[in-house]
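The notes here go from the whole chain down to single residues.

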Amino acid sequence: MRRAARILFELIDRWSERVFTPELNPLVQLGALVWYCYWIVIVSGIYLYIFFDTGITRAYASVEYLTNVQWYAGGVMRSLHRYASDAMIPVVTLHMAREFVMDRYRGARWFAWGTGVVLLWFLYASGITGYWVVWDRLAQYVAVATTEWFDALGIFGKPIARNFLNEAAVSGRFFTLMSFIHIAAPLLLLFGMWIHIQRHVQPRVNPPVKLAAGILATLTALSLIHPATSQGPANLDIVPASIGLDWFYLIILPLADRYSGELAWAVALGFSLLIFLLPWLPALKQTPVAQVDLENCNGCGRCANDCPYNAITLQNRTDGKPYKLQSSVNPGLCLSCGICVGACHAASPFRREPQFIAGIELPDTPAAGLRDSIVLASSGLHGDIRILLFNCAAGPDLSSLDDPELAVIALPCIGMLPPSMVDFAIINNHADGVFLTGCRDNDCKYRHGIRWMQERIQRRREPFLREIVPRERIDQYWAGASDLAGLTLRLSAFKRRLRAMPIDNPKTDHA
Ligand code: HEM
Ligand code: SF4
Ligand code: SF4
């Protein structure tokens, strides 16, 4: 089921890449887009607040002034405020669905997932109170339905809905309180958004400039073509015959209004609890986390720099070795991706010991075992051309590839492959070429695995791939779960190029 959904997402991604280009594909930066919409909401909100009157008798008129008299600035700001807020709901829903389908929500990621669920509540609190402060007929409906909904909790001494029984009962102080909540809730949302990404190294919170400009231009055009307007002044003595609802934010209110507040709470809390618990339904089968071997760690810090989840810290040396620092893994943060192993100089297959140990290891996939796999896989290759293909666990299913010229070695993440293993495979003549594949580019399951791998090969990130390794003998194609056809084509082209190359490899003695 999940695999089918993932393939569907990837197909839509490919279509989106064709429209937007791979770098600007909005679907691979949904979290950043929510952040961006949030900033549009805040900037436009600050502008509106300058002209907004928080008193219940003057609020409507101040918003009307902004909308109709100052339409060129205040009106556009109001519309931007509304449309960017609205956009946050589908974008956050897609973000949530994507993390779920791509299986990026279990294990140590429960934290991002769980804080995400809390963010939904802050987001809704911000949106619902926003409709309230305009004090038009929609606001009247929102005020009555929300207070009745909260009264169903039975925690207030006097029902708060009494504040909105009729015009005489309406409380200005209560209205001002709502205006205050409409400012406090987005601030809490911002704090929650910051917490949400605390475990991420270099979180993607800003979309590329071109995409950001495109979104702003689209929202501004929409604001001019279809400005946000009010629905007539509130009058609590009259029950509005019909009102236009914003289904993005107000979806729960008709349920509370038409059926019962209790049912609306059961739905809202039940749904939140269900999604909150998803990381444990069932929990991820925990693979052993990364372990440091102090004998082989010199405290260089590359693993800590490369871990995408802040799971590694450098601490003062505890074993008396002549180095200042040592690496230390926080098991509660580690996702067992192995990217740290790819960063460790001591994971080199050129080491003399048959069963060498790297400074940091994934117990299930030791670096020495990886070297053995290269030697073993290479000895089983029979064609004119020998290719070692490294695939990551979230990459394409290669079981249908039956090719005597190709051997597949699987890794948890392609970022786990130390460049020295590629060096070893080519320079020690275990293969004529090395091919790398895995998740789709820009959407690595472990966030930075593909990028760090590419930068190590391009000698922009340590540990560098030695210059002597012929780059034309290395190729890559980021197929994801869905693009086996593209991968096969790319492999065929790689083979043709390899066949045209001189047979001798620059084999050197590393012993
Ligand atoms: C205001 C709402 C939200 C914002 C602004 C937001 C933003 C972000 C950002 C910027 C990232 C980091 C992306 C990266 O660099 O890899 C992220 C990750 C994540 N978000 Fe959200 N998010 C929001 C709501 C949610 C919700 C509602 C959920 C699910 C319930 C969720 C689940 C996740 C998960 C599981 C990750 C971690 C993915 C990984 O570790 O690779 N988020 N979010
Ligand atoms: S990369 Fe290796 S040697 Fe460097 S700190 Fe990490 S474990 Fe130690
Ligand atoms: S396995 Fe991945 S998450 Fe764990 S410490 Fe290494 S790089 Fe970090």
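What follows is a walk through a predicted model, starting with the overall picture.

## The overall picture

The protein has 511 residues, and 40% of them count as buried. Its C-alpha atoms fill a box of roughly 90 × 50 × 40 Å along the principal axes. In secondary structure, you get 16 helices and eight strands.

Take the contacts in the protein with a separation of 6 or more: 74% of them are between residues 24 or more positions apart.

## Two domains

The chain is divided into domain 1, covering 2–277, and domain 2, covering 291–499. Their C-alpha centres lie 43 Å apart. Where the two domains touch, domain 1 puts in 17 residues and domain 2 puts in 16 residues.

What is the side of domain 1 that touches domain 2 made of? It divides into seven nonpolar, three polar and seven charged residues.

## Two cores

The largest nonpolar core has 65 residues. Cys340 and Ile414 are the ones with the most contacts inside this core. Helix α14, residues 419–427, gives the most to it, with six residues. A second, separate core has 55 residues, including Leu27, Ala59, Val134 and Leu189.

Leaving out residues up to four places away in sequence, Ile414 touches Phe390, Cys392, Leu436, Gly438, Gly449, Ile450 and Met453.

## Around the ligands

Start with ligand 3, which is surrounded by 14 residues. The closest are Cys307, Ala311, Cys334, Cys337 and Cys340; Cys340 also turned up above as one of the residues with the most contacts inside the largest core. The shell around ligand 3 comes to 12 nonpolar residues and two polar ones, with no charged residue.

Ligand 2 also has 14 residues around it, and Cys297, Cys300, Cys303, Cys344 and Gly359 come nearest. Here the shell splits into eight nonpolar, five polar and one charged.

Helix α4 runs over residues 71–101, so its 31 residues would be expected to span 45 Å at 1.5 Å a residue. From first C-alpha to last, helix α4 reaches 43 Å, which is close to that value. Just after α4, Asp103 takes a positive phi of about 60 degrees.

Helix α7, residues 172–196, has 25 residues and reaches 36 Å, close to the 36 Å expected. Which residues of α7 are buried? They are Phe175, Met178, Ser179, His182, Ala185, Pro186, Leu189, Met193 and His196. As a reminder, an α-helix has 3.6 residues a turn, so residues three or four places apart point the same way. What covers the buried residues of α7 includes α2 (30–51) and α5 (110–133).

## A closer look at Thr176

Thr176 lies in helix α7. Why does Thr176 count as partly exposed? Thr176 has 15 other C-beta atoms within 10 Å, and a residue needs 20 or more to be buried and 12 or fewer to be exposed, so Thr176 lands in between.

Note on methods. Residues are numbered from 1 along each chain as its sequence is written. Chains are lettered from A and ligands numbered from 1 in the order in which they are written. This is a predicted model: local features need pLDDT of at least 70, side-chain atom pairs count only at pLDDT 80 or more; totals for chains, interfaces and linings use all residues. A nonpolar core is a set of buried Ala, Val, Leu, Ile, Met, Phe, Trp, Tyr and Cys residues joined through C-beta atoms within 7 Å. Helices (H or I, at least four residues) and strands (E, at least two) are DSSP runs, numbered from the N terminus. Two residues are in contact if their C-beta atoms, placed from the backbone, lie within 7 Å. Domain bounds come from an automatic or database domain assignment. Ala, Val, Leu, Ile, Met, Phe, Trp, Tyr, Cys and Pro count as nonpolar, Asp, Glu, Lys and Arg as charged, and the others, Gly among them, as polar. A residue is near a molecule or strand if its C-beta atom, placed from the backbone, lies within 6 Å of it.
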